[in-house]
Amino acid sequence: MTAPTVFLVDDQPAVLKALARLLASAGFAVRGFDSALAFLDSDAAGADGCLVLDLSMPDMGGLALQQALAQRGCLLPLIFLTGHGDLDSGIAAMKRGAADFLAKPVDDARLIAAVTRALGQNREARADCAERAAILTRLHSLTPRETEVLDLIVEGLLNKQVAAALGTVEKTVKVHRARVMTKMQVKSVTALVRLVDRVRAAPAPSQS
Amino acid sequence: MAGGRWPGWRAAPGHSITLPFWPAARTARLRPLGAAGRPYLRHASDDGAAIAPAPPRHALQAAPRRGRRAARPARLWPSPNFNTIKGKVCLSSPPRDATTMSISSLLQSKPAPGVRASLAALVIACVLPVTGVAAFLIVRVYDHQRGALLTQTGPGLALAQLTAGLHATLFSLAAATLAALVAGLALAWLIGGRIAQSVRALIAPALALGGGHHMAPLPPLPPLHFKEARALGLALRHAADGMRRVQAGMRESEQRLALVADAAHLGVWVRDLARRTIWMSDQWRALFGFAPEQTVQLVDLLLRVHPDDRVAVQRTLDQCLHGVSRYDMEYRIVLPDGELRWIGSHGSVALDAAGRPALVHGVSLDITPRKRAELDLQQKQKEVTHLSRVAVLGELSGALAHELNQPLTAILSNAQAALRFMERQPVDLDEVREILRDIVGEDQRAGQIIRRLRRLFDKKEMPHQHVDLDALVRDTVRLLRNDLINHGITVLTELGGDATVHADRVQLQQVLINLLMNGCDAMAGRRPGGTIVVRTRRLSAAEAVAASVAGPGTAAATAAAPCTAATATATAATATAAAAAIPAAPALTPADSVELIVADNGAGIAPADLERIFEPFYTTKERGMGLGLSICRSIVGAHGGRLWAGHNSDAGARFYLRLPLADGGAP
């Protein structure tokens, strides 16, 4: 895993250069792009770090880039910069999960704080993502029958009720249940429920 | 002689003329002129009745007296009056004929007795010498015969006596002939003298008539001895009356003209180019602040003219000498008390027989109130133009703030980065130096943006300058960049104009902003990926004309808006000379021009609206004053250009802006 990078997208070369310089002075690794399309064309979307982008740009604006990245399941937290405090755009961006929304000209402390926070978010998100990927791997290792048993146990049914629901005997259910617990690497039903909830509550990230 | 009274033409009443050779019975009594100065003739004797029977007295108008004439000056022709012509009494409705006829009746009657008498004397004088000579010859022959007879025969003696008697008779006859000849010559001399006298007597009135003092009454006519002479006298009188009438008419019409000129405050003047003199009416003098008796030369007039307009006025006046047949000009004058006055002047050149300019007639009019109203209007229009610009900028304020934010952002970030770099040890001075350089550059950029904005907000009128149209387009697109981005609109520029126009940069940019923003509005919400194409190209004069003919919406495209904002004050004296020798007004001359097209792919404009969108307060937008395009057109019109709308071949609207190139053409 490479060091987290702050990606910058701004169509104004001067601003791009200045922001890159500022972030670099704060010790971040910075990579700049002069348009949203250039960013999408690069492999940066899958990298670690965060994305600082201008809201209004020709050809493809900040919001459009955010949408495109969301479709690609990118984990990069987005920090929007805008020249004029456009409230509607800000709300839209935040609703779609933007990490922050800053007005230009931006104070270095706020920007650096936001970037630091976003990088932390990214780290967490990456960890969360890895964990969920592991859970999913475990879930996928279950046989269809075991998955059925798992679903019913998570709903809180007793072995007897599960057996009745599946039209089998309690003993068989017990065996399935033991296999599920082993494959999911949990010792209690409570832990199992928590695992399943984590995966099912949030939409599964794509297999990038 | 009682019958020879001629009761005066215009002489004192009772003035009479004695006609010694005129039989009382044939004396024609000429009545004094009628109320209208129309004489009529009446034969007033027993003998005259045979020639011209006197009409019943009540039918004849009483001879008007002088006092009566004076009392009825306004009445040109009295009610139907009678006249005697060739012995008939007739109602003569056209009075002019009455006089003519009375003259002709004089001329058409039998020859004058004097002429007859002289004719008779002539006949006698011719016949008698002939008979005398014949008799003398006969006597000589008889003498010869008698000599022969005397020598021959006795009875010849008696014959000789007879011949002697015949001799005596013939000699007396010859003497009588001689006497008659002398008498005839004397008579002819006398009558000829009288004719000459009568003709001489008419010379003075004729001279008086021709001398130009028509308004003065003709001098009284001396005694005239012949009908023909009297007829001539009548004719002179008639001519004098006619001229007086014409003059009265002229004076009346002059008075009417003067009244009109006075009422309209028109100053009338005539400039004699040969004599270098100027005649001017009192009204004109009052207009230009000259005293009524003051001598005014062209120089005095030019000194009154406002210094800024003097050259133009001088030029226009000079053009009168070189083939300009008429001119209209407007200029300012400064009165001695310092008052400024606008004068509208119209002149027309009259040529002499050789076709050279001889006189310039003209009228001058005080147009100060109109001009003041015009300037007022221009001021208002300028304010409206400015307000509309400010309103547009208000709409753009967000985008403009964003535009200004870019350099500010760069500056702040650079400065803060520099501070951070300075905290590190060792300090990377090269990096800091570069940062500072960038800061300076960005600061300058911000300053430029502010200056551009301030120019647009500025109410002050900018002098016209050479403007590179392509650069202006780039500048404007850049200014609108953020607004365009916000609208999701791409602007493609195809700038091949490479042309410089003479224009107010700010106003021209206002037009461009308006056109671009209209394009944005047309595509707002409809097509997020809208595209506006801005194209410039140069047109030669011929192309411009061809394009004008073929181009869409050209019929009413000429900017006819009342606003002549910027130009009017700049060129105060707009002297347009319309003459064959001078080329037509510059606006009409097809010149090299540059065309700018702003095409969008929005909803387009309904054909019926293509012209209406340029009307004030007509708008197709939900929120719009409807002033933008109308102001744009008046701005373009004031720059001598045209602005009109059309359609793209596929979809969307297209605005055409055509401006004449600045002198010199390419930048």
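Helix 10 of chain B, with eight residues, gives the most to the lining of the second largest pocket; helices here are DSSP runs of H or I with at least four residues and strands are runs of E with at least two, numbered from the N terminus. This is a predicted model, in which local features need pLDDT of at least 70 and side-chain atom pairs count only at pLDDT 80 or more, while totals for chains, interfaces and linings use all residues. Residues are numbered from 1 along each chain as its sequence is written, chains are lettered from A in the order in which they are written, and side-chain values use heavy atoms, without hydrogens or water.

**The second largest pocket**

- The second largest pocket holds about 1200 Å³ of space, where a pocket is an open set of points on a 1 Å grid over the protein atoms alone, where a 1.4 Å probe fits, with protein on both sides within 12 Å along at least five of seven lines.
- Its lining consists of 40 residues (those with an atom within 4 Å of a point), and Asn518(B), Asp521(B), Thr619(B), Lys621(B) and Arg623(B) lie nearest the centre.
- Two or more lining residues come from each of helix 10 (368-423), helix 13 (481-486), helix 14, helix 18 (628-638) and strand 17 (653-660) of chain B.
- The lining comprises 18 nonpolar, 13 polar and nine charged residues, with Ala, Val, Leu, Ile, Met, Phe, Trp, Tyr, Cys and Pro counted as nonpolar, Asp, Glu, Lys and Arg as charged, and the others, Gly among them, as polar.

**Helix 14 of chain B and its partners**

- Helix 10 of chain B and helix 14 of chain B pack at about 50° with their axes 11 Å apart, the axes being lines fitted to C-alpha atoms over the stretch in contact and the angles running from 0 to 180 degrees between N-to-C directions.
- Helix 10 of chain B is therefore oblique to helix 14 of chain B, since angles under 35 degrees count as roughly parallel, over 145 as roughly antiparallel, 65 to 115 as roughly perpendicular and the rest as oblique.
- Contact (heavy atoms within 4.5 Å) between helix 10 and helix 14 of chain B involves residues including Arg389(B) and Glu395(B) of helix 10 and Gln507(B) and Ile513(B) of helix 14, and its classes are five nonpolar, five polar and two charged.
- Helix 12 (residues 469-479) of chain B packs against helix 14 (residues 505-523) of chain B at about 55°, with the axes 10 Å apart, and these two helices are therefore oblique to each other.
- Among the residues in the contact of helix 12 with helix 14 of chain B are Leu472(B), Asp475(B), Arg505(B) and Ile513(B), and that contact divides into nine nonpolar, two polar and two charged residues.

**Between the chains**

- The axes of helix 1 (residues 13-25) of chain A and helix 11 of chain B come within 11 Å and cross at roughly 145°.
- Ala14(A), Lys17(A) and Arg21(A) of helix 1 of chain A meet residues of helix 11 of chain B that include Glu431(B), Ile435(B) and Asp438(B), and this contact has two nonpolar, no polar and seven charged residues.

**Backbone points**

- Most residues other than glycine have a negative phi, and most peptide bonds are trans.
- Lys104(A) and Pro105(A) are joined by a cis peptide bond with omega about -10°, and Pro105(A) is placed in the loop between strand 5 (100-103) and helix 5 (108-141) of chain A.
- A cis peptide bond with omega about -5° also joins Gln425(B) and Pro426(B), where Pro426(B) lies in the loop between helix 10 and helix 11 (429-457) of chain B.
- Gln185(A), although not a glycine, has a positive phi of about 55°.

How values were computed. Grid points are joined across faces, edges and corners, and a volume is the space filled by probe spheres set on the points.
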